[in-house]
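User: I'd like to go through this model with you. Can we start with the pockets?

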Amino acid sequence: MRYGAKILFEDVSTVFQTGRRYGLTGPNGAGKSTFMKILTGELDAQKGTVHRPKRVGVLSQDQFAFDAYRVIDTVIMGNRPLWVALEERERLYEKAELTDDDGMRLGELEGVVAENDGYSAESDAAILLDGLDIPESLHDRKMSELQGGQKVRVLLAQALFGGPEGLLLDEPTNHLDLESIHWLQDFLNRYQGTLVVISHDRHFLNSVTTHTADIDYQTIITYTGGYDEMVLAKTQIRSRIESQNAQREKKIDQLKEFIARFSAGTRSSQVTSRKKEVERLQTSDLARSNIARPFIRFEMKRPSGKHALEAKGVVKKYGDVTVIPGFTCSISRGEKIGIIGRNGSGKTTILRSLIAGAPGVTDDFTRDAGDVEWGHEVNIGYFPQDPRATIQLGMTIIDWLREHDPQASNEELRGLLGQMLFARDEATKPTEALSGGEVARLVFCRLMLQKANVLVFDEPTNHLDLESINALNFALQKFDGTLFLVTHDHDLLEETATRIWSVNNHQIEDFRGTYDEFQAQVAVA
């Protein structure tokens, strides 16, 4: 598949074997989603053929395609032959009188329904929905009544319904909370068919996949093991080839020197043999990798006081619902708080209630009661759940960045943009033309420019590829200031947070320790 002069991949021949679970990896723009669409049949390859099993479950990317249908029916549609048979059977039963042909057809349809476990379809669909945190009270509702995150989980249940022989999932963990992601991991680990999954969640890939199909160098190379094992193997292979090339080039240089010295002399036969050896030693041509790694480093202009935050009796209500019923906490400088909970539990509300009215924060959010006192010299850097809303339209990205530090030189700003993978000519790109990933990277540029000593991140990994998430993870581990982090990325949470706030039923449990330690405590309880 190519787009104009750009080749995504060519001459790819690969087999996804039964019982194996493949992570489909590669940097943004490498062609992961395009390849997935070729596997599903949504796109035709420009050359070559694809063979698929009879029943393939595909995660639909269109959240609005099923708005007119009940939630439970949307799930059952995952088994297309069953759904078509059920619909036709219902139309026949609605007739006032049935002909003999209708009766014969009904018999055929009942066979299709029985063959596809149609008599237990609703209960099977309900089990999937419950596992994905879609309560029974929503099963008979229209899809149009659901929130975006709930719709994604229903579409995931649709892909999983009916035990397909193959599962093709493009970013299934998007909009899922950690509890739902862990449920999905367990489900997929029990799945007996062939799985191909695209994900930017390293922990999810390492937990689920048995093999990794990596799109890079304009081809697909399959490695045994999860994401981390693939990175290690890929690095070792690359290093070995580079080392062999270096040795060959050294030998070639020596041979060429001999040829240059004696080509006109009496050693013509030796010169000829050396020329042949040079041809034989030609180095392996190393294709250029598509992988680009951003460089993120959060420095502080100056540290805050020893006590970063004191909050007493913080209350936030939405109408008659009290989301935060009087929260009190004390945060010392350098603590890193990971905030977890189901979608809609109030994680973002907690963050915004704490930073409302804080120095340097322009968020217009207000709390209903309570006192929040930020420490001496606190400077807050905020990454909201919707970072696009913080970027002014109608200007170039370098001009937008300059507004946050008018003293910064053009070269300093361009250097910062370069660190976050913006090419030099992209500095004049209009802000309204930015993709989701570019918006996130631009806000990281602002935060690095700001040099805050308290960072507040609300789901910063949305729209980031694995390389960028890994870079963010490393930067937050190295950050010496105070951190508040809402994320559904297990590894980012485990490797950065030193304290966990777990939000459940409008209550906040404050646990001093890592996420894995918190999980161990929950398991014992």
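Analyst: A definition to begin with: helices (H or I, at least four residues) and strands (E, at least two) are DSSP runs, numbered from the N terminus. This is a predicted model, where local features need pLDDT of at least 70 and side-chain atom pairs count only at pLDDT 80 or more, while totals for chains, interfaces and linings use all residues. Residues are numbered from 1 along each chain as its sequence is written, and side-chain values use heavy atoms, with hydrogens and water left out.

User: Which elements each supply at least two residues of the lining of the second largest pocket?

Analyst: α1 (32-40), β5 (166-170) and β6 (194-198) each do that.

User: And how many residues line the second largest pocket?

Analyst: The lining has 31 residues, and Val 12, Phe 35, Leu 39, Thr 49 and Val 50 lie nearest the centre. A pocket here is an open set of points on a 1 Å grid over the protein atoms alone, where a 1.4 Å probe fits, with protein on both sides within 12 Å along at least five of seven lines; lining residues have an atom within 4 Å of a point.

User: Phe 35 again: which aromatic cluster is Phe 35 in?

Analyst: Phe 35 forms one with Phe 9, Phe 16 and Tyr 22. Rings of Phe, Tyr and Trp (its six-membered ring) pair if their centres lie within 6.5 Å; planes under 30 degrees apart count as stacked, over 60 as edge-to-face and the rest as tilted.

User: How many aromatic pairs are there in the whole structure?

Analyst: The search finds 14. One of them is Tyr 69 with Trp 83, edge-to-face at 6.4 Å centre to centre and 80 degrees between the planes. Tyr 69 lies in the loop between β4 (56-58) and α2 (71-76) and Trp 83 in helix α3 (residues 80-93), so the pair ties together parts 14 residues apart in sequence.

User: Is Trp 83 buried or exposed?

Analyst: Trp 83 is buried, at 9% relative accessibility, whereas Tyr 69 is partly exposed at 34%. Buried means under 20% relative accessible area, exposed over 50%, partly exposed in between (1.4 Å probe, protein chains only).

User: Switching to α13. Which residues of helix α13 are buried?

Analyst: In α13 (residues 410-419) they are Leu 413, Leu 416 and Leu 417.

User: What do the buried residues of α13 pack against?

Analyst: They pack against α12 (397-402) and α14 (436-450), with contact meaning heavy atoms within 4.5 Å. Just after α13, Leu 421 has a positive phi of about 70 degrees.
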